[in-house]
Amino acid sequence: MSYCFTFRVYQRPFLHPLHTHHGLWKVREGIILRLENSQQEVAWGEIAPLPDFGSETLEDAIAFCQSLGPQISPTLLSSLPDSLPACQFAFESAFHQFLTPSPPLSLPPSRFAYLLPSGKPALTAWYPLWQQGGRTFKWKIGVLPLHQELDLFQQLDTLLPEGVQLRLDANGGLTPDQTREWLKIGENTSRIEFLEQPLPPAEFPTLCTLQDQFKTPLALDESVSRLNDLKTCYNQGWRGVFVLKVAIAGSPQKLRQFCQTHPLDLVLSSVLETPIARTAALHLAQEIAPQRALGFGTTQWFKTVQKTWLNDLWTAS
Ligand SMILES: O=C(O)CCC(=O)C1=CC=C[C@@H](O)[C@@H]1C(=O)O
Ligand SMILES: [Mg+2]
């Protein structure tokens with residue numbers, strides 16, 4: 001079975017730039033794939049690279065798409081290298097739509113974690129999301145000086161209603177001593193669901209030691225963003241939280257197989273993709289079924305409306 005293949009490269013500005021320890025992220029770049037079968041049925045896929053997390057670059061992905069002809073078939077999946085995980089996810093998800101059409105997903109707001117802005121704006125940003133049913137929030141730390149963020153955390157903890165959980169994500173930007181400061185706070189509150197990637201991946205032994213010394217769960221994100229790295233950390237004994245950025249984690253089929261044979265404490269996480277990759281990732285989430293809230297809560301990443309944006313992307317060039 002072969003499909004007519006076209007693709008478009010996109011740059012899409014965020015409504016609110018994401019400020020993390022990695023820096024300020026203003027524009028999401030990626031590729032939208034369009035497959036059409038002989039009955040004029042269409043399936044979409046999205047390549048949403050995140051090189052900071054170990055995926056291919058946009059340029060790598062463009063070169064791969066350019067290497068393909070106007071007609072492609074699922075056989076290409078077997079030759080898609082692990083060095084192109086965002087491409088693996090996108091093409092396999094797109095072909096999968098023809099093989100297993102997925103119904104539209106409707107998940108309750110409480111099923112998601114919502115990303116709050118870093119710093120003081122978090123003190124007010126949570127309320128409208130809570131009113132809509134959000135009960136899990138994620139807050140970037142390692143952006144401001146430690147004492148400022150510790151103080152802001154105490155204010156946020158006082159403001160947040162009972163039962164609301166907070167995920168703290170440092171993107172590897174803390175020192176071991178700063179991490180201990182956060183974990184000491186965690187000893188006296190159930191507010192912190194987990195502390196995400198407080199140290200860089202190279203500090204894996206220290207992360208394991210800290211996980212043994214404190215009750216607040218630690219989550220690996222940058223350490224496990226490639227499936228092979230996730231397997232390595234699992235095989236080296238990590239049993240804390242695994243943050244899985246689905247759209248850059250390679251083949252969904254390989255992910256399904258690994259998760260079905262390994263009991264992971266899993267959090268599925270967005271790469272700030274458009275609704276195309278988001279929908280594919282959420283369908284996979286239904287199968288892998290992590291207990292923890294899905295890191296896909298924020299839906300208005302972009303200034304433009306999806307349907308208009310996609311039409312314009314296809315007709316513009
Ligand atoms: O995981 C979530 O809840 C939302 C996505 C998210 O936090 C991130 C997406 C992409 C890049 C990162 O800065 C950030 C993360 O580190 O998890
Ligand atoms: Mg993270």
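Let me start with a term: buried area is the accessible area, taken with a 1.4 Å probe, that two parts lose on being put together, summed over both. With that in hand, domain 1 and domain 2 of this predicted model bury about 2800 Å² between them, with 65% of it on carbon and sulfur atoms. His21, Phe53 and Phe89 supply 27% of the area that domain 1 buries against domain 2, more than any other three residues.

Quick housekeeping. Residues are numbered from 1 along each chain as its sequence is written, and chains are lettered from A and ligands numbered from 1 in the order in which they are written. Since this is a predicted model, local features need pLDDT of at least 70 and side-chain atom pairs count only at pLDDT 80 or more, while totals for chains, interfaces and linings use all residues; side-chain values use heavy atoms, with hydrogens and water left out.

Okay, the domains. Domain 1 takes in 3–102 + 306–316, and domain 2 is 109–301; those bounds come from an automatic or database domain assignment. Their C-alpha centres sit 25 Å apart. If contact means heavy atoms within 4.5 Å, then 35 residues of domain 1 are in contact with 37 residues of domain 2.

Now, the metal. Which residues coordinate the magnesium ion, ligand 2? Asp169 (OD), Glu196 (OE) and Asp221 (OD) do, at 2.0 to 2.2 Å. Donors here are N, O and S atoms within 2.8 Å of the metal (3.2 Å for Na, K and Ca), and water is not among the atoms, so sites may look incomplete. Along the sequence, the donor spacing reads D-x26-E-x24-D. For the labels, helices (H or I, at least four residues) and strands (E, at least two) are DSSP runs, numbered from the N terminus.

The cut-offs: buried is under 20% relative accessible area, exposed is over 50%, and partly exposed is in between, with a 1.4 Å probe and protein chains only.

Next, the lysines. An unreviewed UniProt entry puts the annotation "active site" on Lys140 and Lys245; such annotations may be inferred rather than shown by experiment. Lys140 lies in strand β6 (residues 136–140) and is buried, with a relative accessible area of 6%. Its side chain makes a polar contact with the side chain of Asp169, at 2.9 Å. A polar contact is a pair of N or O atoms within 3.5 Å; within protein, one must be able to donate a hydrogen and the other to accept it, and residues adjacent in sequence count only if both atoms are side-chain atoms.

Lys245, in strand β10 (residues 241–245), counts as buried because it has 5% relative accessibility. Leaving aside neighbours within four places in sequence, Lys245 is in contact with residues including Phe53, Glu196 and Asp221.

Last stop, helix α8 (residues 252–261), where the buried residues are Pro252, Leu255, Arg256, Phe258 and Cys259. Their cover includes α2 (85–99), α7, β10, β11 (265–269) and α9 (275–288).
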